[in-house]
Amino acid sequence: MQRTIEFLVGLLFGLGLILSGMTDPGKVLGFLDLTGAWDPSLALVMGGAVAVGLLAFRLARQRERNLLGGDLHLPPRRTLTPRLVWGSLVFGAGWGLAGYCPGPALVSMASGQTQGLVFVAAMLAGLLLYRLLDRSRVRSAQATAQAE
Amino acid sequence: MTIDWTHFTPWTSLSGGLLLGLAAALFILLSGRILGITGILEGLLPPRRGDTAWRLAFLLGLFAAPPVFSLLAPAGLVAPPRIEAGTGTLVLAGLLVGLGTGYGSGCTSGHGICGLSRLSPRSLIATLSFMAAGMLVVYGLRHLY
């Protein structure tokens with residue numbers, strides 16, 4: 001049952017990405033091009049998504065279990081950190097370069113677009129690099145703590 | 001700033017956005033999970049026992065979207081994608097997105113859709129940051145040369 005739900009959610013999300021135009025880098029870049037010929041479409045995408053999301057998360061936050069009685073994996077509230085900001089700035093820069101963010105790139109790849117495939121491969125490499133760098137940072141912090 | 005009326009697609013974009021929101025809503029309410037693509041991918045690097053099947057199921061659904069869309073949607077509903085970036089740019093962009101979403105703990109779906117829907121101040125800051133960076137880069141590439 002859960003696997004089916006997850007599959008359908010993924011499908012719905014992918015369909016939403018295609019319909020909304022998010023899988024069209026030209027459209028995304030058109031939104032990010034504020035001073036040029038501005039395509040406001042993405043604002044409507046986000047607006048529509050968050051309008052529905054607000055209702056859903058308001059309901060979710062009041063509950064301890066999800067509607068099917070299973071676990072609710074809400075992320076713990078964490079403090080604002082520099083790495084959140086830096087990471088988001090770097091992500092945004094990459095987004096502005098090619099007009100792809102993770103979800104749309106995966107869908108683009110699945111449609112047979114080689115550009116999507118290239119981007120996804122590089123993105124996975126970037127994620128792995130983050131993992132390596134982060135793990136070595138954690139290890140050196142632990143070593144420093146042990147030495148003290 | 002001028003409005004790009006040729007490419008502005010208010011109805012399909014709004015409808016698509018509603019679908020995205022619906023997907024996120026169903027995910028949190030029926031599966032109890034945040035619909036964040038970066039988070040879903042990161043959990044597969046490396047795959048952990050008991051925590052892999054749901055991620056693969058979701059991704060399978062995502063990959064099924066293009067053929068399903070072609071079957072269901074009337075021809076010409078959505079314009080074909082315009083991709084300008086060459087291989088070098090795509091590789092650099094991908095690396096930045098992978099690295100950035102790692103450190104930033106999320107992307108447009110995790111922070112932009114779910115985070116804002118949860119009224120998370122962290123996600124608001126994250127979203128404003130990646131929007132600003134994206135806009136700056138596009139400005140630089142399109143208007144500073």
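Predicted model: local features only at pLDDT ≥ 70, side-chain atom pairs only at ≥ 80, totals over all residues.
Q: OK, and what counts as a cavity, or as a helix?
A: On a 1 Å grid over the protein atoms alone, a cavity is a set of points where a 1.4 Å probe fits but cannot get out, a pocket is an open set with protein on both sides within 12 Å along at least five of seven lines, and lining residues have an atom within 4 Å of a point. Helices (H or I, at least four residues) and strands (E, at least two) are DSSP runs, numbered from the N terminus.

Q: Which residues line that second largest cavity, then?
A: From chain A there are Ser20(A), Gly21(A), Met22(A), Lys27(A), Val28(A), Ser41(A), Leu42(A) and Val45(A), and they are joined by Ser13(B). The volume of this cavity is about 30 Å³, where a volume is the space filled by probe spheres set on grid points joined across faces, edges and corners.

Q: How many cavities of 30 Å³ or more are there?
A: The structure holds two of them, and the largest cavity has about 100 Å³ of space.

Q: What's around the largest cavity?
A: It is lined by 14 residues, and those nearest its centre are Leu17(A), Met22(A), Thr108(B), Ser109(B) and Ile113(B). At least two lining residues each come from α1 (2–20), α3 and α5 of chain A, and from α5 of chain B, with α5(B) giving the most, three residues.

Q: Switching to pockets: how much space lies in the largest one?
A: About 950 Å³ of space lies in the largest pocket. Its lining has 36 residues, and the ones nearest its centre are Pro75(A), Arg78(A), Ile34(B), Gly39(B) and Ser105(B). Two or more lining residues are given by α4 (82–98) and α6 (114–147) of chain A, and by α2 (37–42), α3 (53–72), α4 (87–103), α5 (108–117) and α6 (121–143) of chain B.

Q: And which residues are closest to the centre of the second largest pocket?
A: Of the 19 residues that line this pocket, Ile18(A), Phe69(B), Val78(B), Ala79(B) and Pro81(B) are closest to its centre, and the pocket has about 320 Å³ of space. The elements with two or more residues in this lining are α5 (102–110) of chain A and α3 of chain B, and α3(B) supplies the largest share, three residues.

Q: Is Leu119(B) buried or exposed?
A: Leu119(B) is exposed, with a relative accessible area of 56%. This residue lies in the loop between α5 and α6 of chain B, and it too has a positive phi, about 60°, without being a glycine.

Q: Which residues does a cis peptide bond join?
A: A cis peptide bond joins Leu45(B) and Pro46(B), with omega about 0°. Most peptide bonds are trans. Both Leu45(B) and Pro46(B) are in the loop between α2 and α3 of chain B.

Q: What does Leu45(B) touch?
A: Leaving out residues up to four places away in sequence, Leu45(B) touches Leu124(A), Leu127(A), Leu128(A) and Arg131(A), where contact means heavy atoms within 4.5 Å. Leu45(B) is buried, at 18% relative accessible area.

Q: Last one: how many helices and strands has chain A?
A: Chain A has six helices and one strand, in the order α-α-β-α-α-α-α from the N terminus on, and buried residues make up 49% of its 148 residues.

Note on methods: Residues numbered from 1 in each chain as written. Chains lettered and ligands numbered in written order. Heavy atoms only, no water. Buried < 20%, exposed > 50% of the residue type's maximum accessible area, 1.4 Å probe, protein only.
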